[in-house]
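Me: I've just opened this one and could use a quick tour. Mind if I ask a few things as we go?

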Amino acid sequence: MKEYDVIVLGLGGIGSGAAYWLAKRGASVLGLEQFELGHARGESHDHSRIIRYSYFSPSYVRLAKEAYAAWDALERDAGERVVFKTGGLDIRPRDGAIPLEPYAESMRLCGVPFERLDAAEIRRRWAAWRIDDDIHGLFQPDGGLVAAMRATAAHQRSALAYGATLLEHTAVTKLHAAHGEITVEAGGRRCSAGRLVIAAGPWTDRALAQLGMRIPLEVTKEQVMYFESRDLESFAFGEFPIWIWMDDPAYYGFPVFGEPDAVKITQDAGGKPVDADTRAFDEDPEITARVTGFLDRYLPGALGPIRLVKTCLYTLPPDRDFIIDTLPEHPNVSVAVGAGHAFKFASVIGRILSELALDHGSATLSLAGPQPGEGSFEVDRPILQMESPPKTYMV
């Protein structure tokens, strides 16, 4: 039986980040992925994910600062750029469902510069917006995107360079934790380690079940669409920012990136619950209809033939806050759940998971993450103890 310091279960965005930071610190690391590396069945593929300082709570703004620093470290190790700043626009009707003030106050408290923009200024800077005067927004110049597939591959490549062992097509069939040791059976082999990191995304509940734990997670099937815009110049990279429409429904989009001559836009958290193993990969016509209706009203220049639809999964705690913690009954097991908005934080969450694993359960999460009164990333927070917790998915 091969022994390691740490076994990482799941090698998507967060798990690959954890494998990188663990190996960078000199740990012997085994990473296990049930599918091929870079697969499209989970949460971490496609060309781009938004990165931003703008969040409703100072805890996330502080964590975003750490996220940018973690990506910088990866870029130096990998010799490749993965973060691209375009500026970020949060935009909403003044009576919209998601107020901008908590975002503005959180950035102010954390020393992050931003601008308040009225509709006239938004139209002046980005003429593609067809908005009335009841619309306003926040602009933060450091917002942008993480090249998602490129970043995950860079984490994996750098982890290997630091000595990690990463195995694809290696599904875990048995998981056992007792007496301070983790035993894993996967791919016809049996391995052990002193620490386990669970970063299994939509398959988290199955891993936790083998350790006698359950938390209420809902998995939904989401989709993004690439539109062959009839006004591509207006959405060119370097000209148009990433943006989030802060209302219910909420929408978001990117400048042209990844797919040539196409603009990526979709609804946030608009999908239906699914089973991760049996879900389909086809288009959801209801999401498509909502997105095209929104664009027709507010951003008509983005409309055009849909070149490509890609599906992904969200793994959602009921409050949509992250889970980054060790298990109460198994302090040598740590778990991370990204709640459908974590790719921007994938590297720093990986770093925190490495600290939880190697520093005997302590991490700088107390510095970067929630402070008293700001919520919690704990796995046993009260809402996760409820049988039927209320769900709040807007972030």
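Me: What percentage of the 395 residues count as buried?
Reply: One heads-up: this is a predicted model, where local features need pLDDT of at least 70, side-chain atom pairs count only at pLDDT 80 or more, and totals for chains, interfaces and linings use all residues. Residues are numbered from 1 along each chain as its sequence is written, and side-chain values use heavy atoms, leaving out hydrogens and water. Buried means under 20% relative accessible area, exposed over 50%, and partly exposed in between (1.4 Å probe, protein chains only). By that cut-off, the buried share of the protein chain's 395 residues is 61%.

Me: How many helices and strands are there in the protein chain?
Reply: Helices (H or I, at least four residues) and strands (E, at least two) are DSSP runs, numbered from the N terminus. Counted that way, the protein chain has 9 helices and 20 strands.

Me: Why does the protein chain count as compact as a globular protein of that length?
Reply: The radius of gyration is taken over C-alpha atoms, and the globule rule is 2.2 Å times the number of residues to the power 0.38. For 395 residues that rule gives 21 Å, and the protein chain is as compact as a globular protein of that length because its own radius of gyration is close to that, at 21 Å.

Me: Where is Ala 339 found, and is Ala 339 buried or exposed?
Reply: Ala 339 is found in the loop between strand E20 (330-337) and helix H8 (346-358). Its phi is near 60 degrees, a positive value in a residue other than glycine. Most residues other than glycine have a negative phi. At 1% relative accessibility, Ala 339 is buried.

Me: What is phi of Arg 320?
Reply: Arg 320 lies in the loop between strand E18 (306-316) and strand E19 (323-327). It is buried, with a relative accessible area of 1%. Its phi is positive although Arg 320 is a residue other than glycine, and the value is near 60 degrees.

Me: Which peptide bond is cis, with omega near 5 degrees?
Reply: Look in the loop between strand E14 (242-245) and strand E15 (251-253), where Pro 249 is found. The cis bond, with omega near 5 degrees, runs from Asp 248 to Pro 249.

Me: Is His 360 buried or exposed?
Reply: His 360 lies in the loop between H8 and helix H9 (365-368). Leaving aside its neighbours within four places in sequence, His 360 is in contact (heavy atoms within 4.5 Å) with Arg 195 and Glu 355. Its relative accessibility is 71%, so His 360 counts as exposed.
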